[in-house]
Amino acid sequence: MKLHANVAFGDEISPQFNPLCMIPYLCAENTTHISEEDLIPYPNTDFPLNLWNDTEDFYVGDYNTSYAVTANLTNLTNLQARNRNVSRYYPIIIVEMIASCLCLIFSIVVYSILPEFRNVHGKNLISMSSCMLTTFLLLILDLIIRKHIPFQVCFTLAMIIHVTFLATFFWTNVMAFDIFRSLTNMKAKAEVANTSKKYLKYSVYAWTATILTALPAAIFELTDLVSLKYRPKFGVKRCWLSGTPAFIYYFNLPVGIILFCNLVLFLLIIRKLRIIKKMTAILNVKQHQERFHLYLKLFLVMGITWTTEFLPWVTGVYWLYAIAGMLTALHGCFLFFIFVCKKRILKAFFQKIWQSKKSSTSTPSTSSQQTLSSDQNRKQSLDQLSESKF
């Protein structure tokens, strides 16, 4: 059997390259050295076979032309079965991301309307939800139209997705630090007074850290500083990162560092809460403790989902990519159930909506009454003026 796969000149197809045989054609019995004679140019939009799986490591740096090598394989049927097993979950993932988007939109609306959430905590959650919402909307767009858009558009979408996805995790770091700082200072009045200033500082940190983390990926993609294998390959196979090394170095590694920092902050928060419980006359301890429990649930969900991304890589079970994708697609729903789906919050939200509707309906009648009374007063004054003339 034969398979066309994107590779570069001089690459070796060897079973020793990947001991877990995650890339099926690397598990061939005989090592094949690729020469220039084996390579056949194809346009990127007309690649001969749709068998370039999610763990492919090679492509040619020319965005206008791809090169395909014909290699003898023993497991083409295996590869086709694996691709079908993962791709059949795409409709489920799209539906989950749409549900997450709806949950995120509702969460943003709730936290924007209710006065009790117009603080640093509420603004941080709105920022994180907005980043996650943007990421999911663009990922849905990628799954639907990736085969029908030019490379430049896909590349742009890939860069935006990468930045907003990283920003989502940096905002979780901000939220963890905010609880730790609040417990450390315990100055409730000063915190309320400096809400805008504190949120501005958090925003500068979150977006600066995100840009500095995403910038190397853009530089390596647009230059020859690193080999093709270790480039992020934005927009090559999908409108995001492409290939196992790209996901490990440019997404999983920085996200892992962020989650580790969050874990350290959580341990410090737990230690601080134990110390505070022994003290008396401390305000807002219960409020901070409740918020910590909410954040802990969110970070556990995001951390567990992040670890599932490594399961296919460690075990070699390819369909686990679909499980990891489905869990990631539900992040917006998890956030909604943790922070918004509570009887007290929903009751306050619908009461606020009802009051606003009631006030809007009563406003026209009030204004009409005022207009009528003013007309009557004007008529009376004219009558009095006419009587005075006579």
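A residue is termed buried when its relative accessible area is under 20%, exposed when that area is over 50%, and partly exposed in between (1.4 Å probe, protein chains only). The structure is a predicted model, in which local features need pLDDT of at least 70 and side-chain atom pairs count only at pLDDT 80 or more, while totals for chains, interfaces and linings use all residues. Residues are numbered from 1 along each chain as its sequence is written, and side-chain values use heavy atoms, with hydrogens and water left out.

His121 is buried, with a relative accessible area of 9%, and belongs to helix α3, which spans residues 120–145. Its side chain makes a polar contact (N or O atoms within 3.5 Å, one able to donate a hydrogen and the other to accept it) with the side chain of Tyr295, at 2.4 Å. When residues up to four places away in sequence are not counted, His121 touches Tyr111, Arg291, Tyr295 and Phe339, contact being defined by heavy atoms within 4.5 Å.

On a 1 Å grid over the protein atoms alone, a cavity is a set of points where a 1.4 Å probe fits but cannot get out, and a pocket is an open set with protein on both sides within 12 Å along at least five of seven lines; lining residues have an atom within 4 Å of a point. Three cavities of 30 Å³ or more are found in the whole structure. The largest cavity has a volume of about 760 Å³. Its lining comprises 32 residues, with Trp240, Phe247, Glu309, Tyr321 and Gly325 closest to the centre. Helix α10 gives the most to this lining, with six residues. By class, the lining of the largest cavity holds 20 nonpolar, seven polar and five charged residues.

The second largest pocket has a volume of about 340 Å³. Of its 15 lining residues, Phe117, Glu290, Arg291, Leu294 and Arg344 lie nearest the centre. Helix α8 gives the most to the lining of this pocket, with six residues.

Aromatic rings pair if their centres lie within 6.5 Å, and planes under 30 degrees apart count as stacked, over 60 as edge-to-face and the rest as tilted; the count comes to 22 aromatic pairs. Phe106 and Phe349 form an edge-to-face pair, 5.3 Å centre to centre with 75° between the planes. Phe106 lies in helix α2 and Phe349 in helix α12, so the pair ties together parts that are 243 residues apart in sequence. Phe349 is buried, with a relative accessible area of 6%, whereas Phe106 is partly exposed, at 25%.

Definitions and conventions
Points joined across faces, edges and corners; volume = space filled by probe spheres on them. Helix = DSSP H or I, 4+ residues; strand = E, 2+ residues; numbered from the N terminus. Nonpolar A, V, L, I, M, F, W, Y, C, P; charged D, E, K, R; others polar. Phe/Tyr/Trp six-rings, centres within 6.5 Å; stacked < 30°, edge-to-face > 60°.
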